[in-house]
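Please keep the viewer open while you read.

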Amino acid sequence: MNYTFHWLPAFRALPDMLWGALVTLEIAVLSMLLGVAFAILLALAAASPYRALRAAAASWIELARNTPALFQIYMAYFGLGSLGIHLDSFVALLAGITFNNAGYLAETFRGGLRAVPPTQVRAARSLGMGQVQAFRLVVMPQMFRIVFYPLTNQMVWAILMTSLGVIVGLNNDLTGVTQDLNVRSFRTFEYFALAAVIYYLLAKFVTLSARLMAWRLFRY
Amino acid sequence: MFSSLFETSFSFNDLLFMLKGAGVTLMLTFWAVLGGTLLGVVFGVIRAIAPWWVNAPLGAVLDVFRSIPLLIQLVVANSFKTIIGLHWSPFTVGCVVLALYMSAYCTEIVRSGFLAVPATTRRAARSLGLSWRQDLTEIVFPIALRVALPSWIGLTLGVMKDTAMVWWIGVVELLRSSQVIVTRIQEPLFVLSIAGLIYFLMSFPIARLGARLEKRWREND
């Protein structure tokens, strides 16, 4: 082994990489918020009496779950481009991950919805609540409790998926910044090992804060 | 603008090229799943029965593979291989990283399957005169398998989809082969759709099978 490690340049680049980590977190959070919104709509559409709605929801869900996330991001970046819709790499990455998140979370929410007994809705309705009210005040809180853990898992997934942005040319998230530094110095191992550590800490940060939140939220 | 959807310079050879890429994807998946499952079963059983001072460090190490993007793992492993002077092909590096990655998830699946077997059932088996080994092969294995198999199928499909990232270290698999064709004929939507269709066809039937198994086995519980 005749290789000398050069950790100093990597540590000197740490501030830049941490700014990149912030962008990573931002994309992940945005994609989760949008993903949850779409997922609830998809889960409701999948349970709706209209066939067209059910079919649309099913094809979104199956496409998102049965093709690689990278493929979905490619589609948003290169595929939509040939339809004349030109997204920049940030938006393409966000769209790709959101599409993916929504597909996976829709299944989660469907499971969550089914786990709330229909008698609860009937009870709420007979107490005089409207349909929306019953959903918001009775179904949602119970569903949220069930889907919370899968939701945090998906959040970690979203963080990991943001690393794919570099492939469509994103250069300000953690992987993008790291790759930029890498092509300038070819200290691949040092830079990427440091990036790996930051990703690990980000993922741990998310799981720990989720655990804390669950402890605060779900105490009886 | 839409003319490219109907007139294409995509040839039969291009399709063959992409199918060859799909073959590489399947080979990567095969080795990753084989290695990942073997390691996962070993680690999973260890995690289920070992005392905490074995269990906790093993869990922490495996957790690392689940908390770092696969892309970063691939790049780090690939450059590390060069540093220590191993002459592995990118394909081998991809297989090894994917196998470790899969083993990290598989361990948890095996462990939860193992722990899903009620202690009372195992005690009953032992008091009926079954040996420790018989208890494992005749009681724990069948019950754990039912719990674990659907998740294992899901994981396998997940790994199959994650092989798409391996092109970053220089393996021409399905997605990369479609990129190569896109660069030549400049019809990204069409070529990518074909790649997506191939992925879908490889994944969807097995996903369905997994869902069916899960449902059928649940009815008997």
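## A walk through the model

Val24(B) lies in helix H2 (residues 12-49) of chain B; helices (H or I, at least four residues) and strands (E, at least two) are DSSP runs, numbered from the N terminus. This is a predicted model, in which local features need pLDDT of at least 70, side-chain atom pairs count only at pLDDT 80 or more, and totals for chains, interfaces and linings use all residues. Residues are numbered from 1 along each chain as its sequence is written, while chains are lettered from A and ligands numbered from 1 in the order in which they are written.

Is Val24(B) buried or exposed? Val24(B) counts as buried because 20 C-beta neighbours lie inside 10 Å. The cut-offs are 20 or more other C-beta atoms within 10 Å for buried, 12 or fewer for exposed, and partly exposed in between, with C-beta atoms placed from the backbone. Not counting residues up to four places away in sequence, Val24(B) touches Val171(B), Val172(B) and Glu173(B); a contact here requires C-beta atoms, placed from the backbone, within 7 Å of each other. Val96(B) is 72 residues away from Val24(B) along the chain, and their C-alpha atoms are separated by 15 Å.

**Chain A overall.** The secondary structure of chain A comes to nine helices and zero strands. Of its 220 residues, 45% count as buried. The C-alpha atoms of chain A fill a box of roughly 75 × 50 × 25 Å along the principal axes. Among contacts in chain A with a separation of 6 or more, 73% join residues 24 or more positions apart.

**Annotated spans.** An unreviewed UniProt entry lists residues 21-210 of chain A as "domain: ABC transmembrane type-1". UniProt positions follow the numbering used here, feature names are shortened, and annotations may be inferred rather than shown by experiment.

| Span | Helix | Strand | Distance between end C-alpha atoms |
|---|---|---|---|
| Residues 21-210 of chain A | 82% helix | 0% strand | 19 Å |
| Residues 146-171 of chain A | 65% helix | 0% strand | 37 Å |
| Residues 191-214 of chain A | 100% helix | 0% strand | 35 Å |
| Residues 21-46 of chain B | 100% helix | 0% strand | 37 Å |
| Residues 84-104 of chain B | 71% helix | 0% strand | 24 Å |

**A helix pair in chain A.** Two packed helices are described by the angle between their axes and the distance between the axes. For helix H2 (residues 14-46) and helix H8 (residues 174-185) of chain A, the axes come within 7 Å and cross at roughly 150 degrees. Axes are lines fitted to C-alpha atoms, for helices over the stretch in contact, and angles run from 0 to 180 degrees between N-to-C directions. H2(A) and H8(A) are therefore roughly antiparallel to each other, given that angles under 35 degrees count as roughly parallel, over 145 as roughly antiparallel, 65 to 115 as roughly perpendicular and the rest as oblique. On the H2(A) side, Asp16(A), Met17(A), Gly20(A), Ala21(A) and Thr24(A) meet Leu174(A), Gly176(A), Val177(A) and Thr178(A) of H8(A). By class, this contact has four nonpolar, four polar and one charged residues. Ala, Val, Leu, Ile, Met, Phe, Trp, Tyr, Cys and Pro count as nonpolar, Asp, Glu, Lys and Arg as charged, and the others, Gly among them, as polar.

**Two loop residues.** Phe186(A) lies in the loop between H8 and helix H9 (188-217) of chain A, and Gln186(B) lies in the loop between H8 and H9 of chain B. Phi of Phe186(A) is near 60 degrees, a positive value in a residue other than glycine. Gln186(B) has a positive phi of about 60 degrees and is not a glycine either. Most residues other than glycine have a negative phi. Phe186(A) is exposed, with 10 other C-beta atoms within 10 Å, and Gln186(B) is exposed, with 12.

**Where the chains meet.** In the model, 33 residues of chain B are in contact with 32 residues of chain A. H9(B) supplies the largest share of the chain B side, ten residues. That side divides into 24 nonpolar, six polar and three charged residues.

Conventions: Two residues are in contact if their C-beta atoms, placed from the backbone, lie within 7 Å.
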